[in-house]
Amino acid sequence: MGTTTETCDAVIVGAGFAGLYAIKRLRDAGFKIQAFEAGDGIGGTWYWNQYPGARVDLECWDYSYSFSRELQDEWDWTERYPTARELMHYLEHVADRFKLREHIRFNTRVDSAEFDENADMWRIRTSDGKTVAARFFVPASGVLSVPKPPEIAGIETFKGEAYHTGRWPKHDVKFEGKRIGVIGTGSSGVQTIQALAGKCKHLTVFQRTAVFVVPAKNHALTPAMRERVRATYAERREISKITRFGIAAAMPSESALDATPEEMQMKYENAWTNSQLLGFRQCYADILSNDDANATVAEFIRGKIRKIVHKPHVAQKLLPTGFPFGTKRPCLGDTYYSVYNRDDVTLVDLKTAPIERVVPEGIVTAEGLIELDMLIYATGYDALSGALTRIDVRGVGGARLTDKWADGARTYLGLMVASFPNLFTVTGPGSPGPLANMSMSIEQHIDWITRCMEDMRKNGWTRIDTSSDQEDKWMQGVQDIVKRTLYLKADSWYLGANVPGKPKVFLPYLGGHGNYRKKCDEVAAAGYEGFTLSKTKQAKTAGAT
Ligand code: N01
């Protein structure tokens, strides 16, 4: 371990939505903090994902900070679903407005973190060879931030340009006149494909699993639209705090199985026409819990695909089958299916023509060589736990987090890992995380963490930990809830099924954002039930702690 050069109350990892809010809240609460960011700029996900067509799939009104009324009033979003670039500018504005940059060391990765049991301090080592000692460790490093490689033989031999959507380069990438291949048809692939069709010489899409893509209905925002939202913004935010998905959307109580065909058709047409991410899930209560109810939506969308795509054999390949609607995150896209009516777009179905290898000239599938000038990997992420397990984290007794999570990530309350004291996870395993509005979830987590750290400071506690029993109970609860739904019927990144060798454990808490918030508040109010709080004999009180 290197020489300790700095001491602070909390080390924060990341300068995205979560990291920035953590810096602001903890600094304002009087803690001395140091944040590290691997990139050279602000933005997290939105800094790295500047691929063509990248934009968020929740409306800007919900996918934004709620902590500052002034910020809310002064920032004018230009589109219903802002682009990655606009989101990055928004976060840069937040960093400047609240003077957060001075707390961030850019171009610096956290390599390891080791808990010093005698001092109740984390010793955190960074890629610049320095070590920081901090009472608290808050990795706000994102749930979808570690790109998953495509695991295809020969990728290093390709002589053209190659990019992963999650690590899009900062230089200008030219597409004109090029033969481009996109591997992957999740949200990133769908957006990239829509953006590149017609902008390059030829686009070849390599699809392993067809997904459900529902219309985005993105549009520019006018001042009048912005005013309408601002008029009831406070109320909208308050309602969002108690709902299942962390947005002000009412969930129905009726079953799809009780609806008449006409009524159902009308609802689904309305969801298709006036779409938003939750549109279809808001039609009936049992869309995500009953196979027959789910099948009605799936078949409605398949009917739309058959109508939009002119060539029946292409339409057939695009029909999502084998998993229920909504159990893999549905994608938003206005032109996705019609792209396949173009002569300069080809769909390769990897189920019938698997990729054999990448060669210098392009990709060889079971049906032969496809020559390419550029390859874009839209192959997803090592989600939820990946950002944490790539850091060498060692807790009590030197135990490694990667060993502890060898059979699947586990936490108590989605906030803490037993025997890794004073380390708070943010929107990670065991929390609603990506199955609710992320910006709302981030604020809730960071507010809870701040309150906890303040209570510890007030009481002179230097260590907070939990037990394996608490983890067992919490993670069992997470599994009990998911078993009542259809989510386990899809090989999704929610359960790590997309990463070869990763244990298949469903990680997000599906009980809803509102219930989760309530539970976290109750635990804190009951004196941090399920946690143990203590004082070290030789506590080296750092800064304000
Ligand atoms: O990743 P994904 P993503 N050979 O894992 C395929 C959020 N997000 O980056 O399904 C061939 O969903 C893989 O195939 P399969 C959002 O929450 C949001 O697109 O495993 N194909 C799949 O098609 C989203 O859910 C936004 O069979 C391979 C694709 O690659 C999450 O991020 C935008 C392969 C990966 O899809 C992840 O989305 C972007 C291989 N070896 C992302 N390996 C918005 O807000 C993987 N695939 C709109």
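Predicted model: local features only at pLDDT ≥ 70, side-chain atom pairs only at ≥ 80, totals over all residues.
The ligand is surrounded by 25 residues, and the closest are Pro150, Ser188, Thr209, Lys328 and Arg329. By class, this shell divides into nine nonpolar, nine polar and seven charged residues. Helix H5, spanning residues 187–196, supplies the largest share of the shell, with three residues.

For Arg208, a polar side-chain atom is placed 2.9 Å from a ligand oxygen atom. The corresponding distance from a polar side-chain atom of Arg329 to an oxygen atom of the ligand is 3.2 Å. The ligand taken alone exposes 910 Å², of which the protein buries 89%.

Elsewhere in the description, the arrangement of helices H13 and H15 was examined. Helix H13 comprises residues 438–459 and helix H15 comprises residues 513–525; their axes come within 11 Å and cross at roughly 0 degrees. Because angles under 35 degrees count as roughly parallel, H13 is therefore classed as roughly parallel to H15.

On the H13 side, the contact is formed by Met440, Ser441, Gln444, His445, Trp448 and Arg451. These residues meet His513, Tyr516, Arg517, Cys520, Asp521, Val523, Ala524 and Ala525 of H15. Seven nonpolar, four polar and three charged residues make up the contact between H13 and H15.

Notes. Residues numbered from 1 in each chain as written. Heavy atoms only, no water. Axes fitted to C-alpha atoms, helices over the stretch in contact; angles between N-to-C directions. Helix = DSSP H or I, 4+ residues; strand = E, 2+ residues; numbered from the N terminus. Parallel < 35°, antiparallel > 145°, perpendicular 65-115°, else oblique. Contact = heavy atoms within 4.5 Å. Nonpolar A, V, L, I, M, F, W, Y, C, P; charged D, E, K, R; others polar. Near = heavy atom within 4 Å. Polar contact = N/O pair within 3.5 Å; in protein donor to acceptor, adjacent residues only side chain to side chain. Areas by Shrake-Rupley, 256 points an atom, 1.4 Å probe, with all protein chains shown as cover.
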